[in-house]
Amino acid sequence: MKQCFYIIAYYLHDDSDLNLQKIFLQEDQAIKYGRKFATKYRNTNVNLYKQLIATTATVEFVKVLKPF
């Protein structure tokens, strides 16, 4: 079984830079944290990304996380 890590990243509405927030090994923990972050900071667009734990892997977009 291949393992992944999950990345929470966000864009501010007035900024075009992607900001990395936190990295997780469990997808459900990443989603819960990302949704809480989106709820706390309503002026952000929070996204979930994943990457296989490998030297040749690339980061993949998973989904946009909505606030609670």
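A charge is said to sit over a ring if NZ of Lys or CZ of Arg is within 6 Å of the ring centre and within 35 degrees of the ring normal. The views below show a predicted model.

**View 1. Lys 22 over the ring of Tyr 33.** Lys 22 lies over the face of Tyr 33, at 5.0 Å from the ring centre. Along the chain, Tyr 33 and Lys 22 are 11 residues apart, while their C-alpha atoms are separated by 8.9 Å in space. Tyr 33 belongs to helix α1 and is partly exposed, with a relative accessible area of 24%. Leaving aside neighbours within four places in sequence, Tyr 33 is in contact with Ile 8, Gln 21, Lys 22 and Phe 24.

**View 2. The polar contact between Gln 21 and Tyr 33.** The side chains of Gln 21 and Tyr 33 are joined by a polar contact of 2.9 Å. Gln 21 lies in strand β2, and Tyr 33 in helix α1. With a relative accessible area of 31%, Gln 21 is partly exposed. Beyond its neighbours within four places in sequence, Gln 21 is in contact with Ile 8, Ala 9, Tyr 10, Tyr 33 and Phe 37. Val 46 is 25 residues from Gln 21 along the chain, and the C-alpha atoms of these two residues are 9.4 Å apart.

**View 3. The aromatic cluster and the pair of Tyr 10 and Phe 37.** One aromatic cluster is formed by Tyr 10, Phe 24, Tyr 33, Phe 37 and Tyr 41. The model has a count of 5 aromatic pairs. The ring centres of Tyr 10 and Phe 37 are 5.0 Å apart and the ring planes meet at 45 degrees, so this pair is tilted. Tyr 10 lies in strand β1 (residues 4-12) and Phe 37 in helix α1 (residues 27-40), so the pair ties together parts that are 27 residues apart in sequence. Tyr 10 counts as buried because its relative accessibility is 17%, under the cut-off of 20%. Phe 37, at 10% relative accessibility, likewise counts as buried.

**View 4. The edge-to-face pair of Tyr 49 and Phe 61.** Tyr 49 and Phe 61 form an aromatic pair with 5.6 Å from centre to centre and 70 degrees between the planes, an edge-to-face arrangement. The pair links distant parts of the chain, with Tyr 49 in strand β3 (residues 44-52) and Phe 61 in strand β4 (residues 60-65), 12 residues apart. The two partners fall into separate classes of accessibility: Tyr 49 counts as buried at 14%, whereas Phe 61 counts as partly exposed at 47%.

**View 5. Asn 47 beside Tyr 49.** The side chain of Asn 47 makes a polar contact of 3.5 Å with the side chain of Tyr 49. Asn 47 is found in strand β3 and counts as buried, at 6% relative accessibility. Not counting residues up to four places away in sequence, Asn 47 touches Ile 7, Ile 8, Ala 9, Tyr 11, Phe 61, Lys 63 and Val 64.

View 6. At 1.5 Å a residue, the 14 residues of α1 should span 20 Å, and the end C-alpha atoms of the helix are 20 Å apart, which agrees. Ala 30, Gly 34, Phe 37 and Ala 38 are buried in α1. These residues cover an arc of only 100 degrees around the axis, which puts them on the same side of α1. An α-helix has 3.6 residues a turn, so residues three or four places apart point the same way. Asp 28, Lys 32 and Lys 40 are exposed on the other side of α1. The buried residues of the helix pack against β1, β2 (19-24), β3 and β4.

**View 7. Thr 44 and the backbone of Tyr 41.** A polar atom of the Thr 44 side chain lies 2.7 Å from the backbone oxygen of Tyr 41. Thr 44 has its place in strand β3 and is buried, with a relative accessible area of 9%. Apart from neighbours within four places in sequence, Thr 44 is in contact with Tyr 10, Tyr 11, Leu 12, His 13, Phe 37 and Ala 38.

Key
Residues are numbered from 1 along each chain as its sequence is written. This is a predicted model: local features need pLDDT of at least 70, side-chain atom pairs count only at pLDDT 80 or more; totals for chains, interfaces and linings use all residues. Side-chain values use heavy atoms; hydrogens and water are left out. Rings of Phe, Tyr and Trp (its six-membered ring) pair if their centres lie within 6.5 Å; planes under 30 degrees apart count as stacked, over 60 as edge-to-face and the rest as tilted. Helices (H or I, at least four residues) and strands (E, at least two) are DSSP runs, numbered from the N terminus. Buried means under 20% relative accessible area, exposed over 50%, partly exposed in between (1.4 Å probe, protein chains only). The expected span of a helix is 1.5 Å times one less than its number of residues. The arc is that of the directions from the helix axis to the C-beta atoms. Contact means heavy atoms within 4.5 Å. A polar contact is a pair of N or O atoms within 3.5 Å; within protein, one must be able to donate a hydrogen and the other to accept it, and residues adjacent in sequence count only if both atoms are side-chain atoms.
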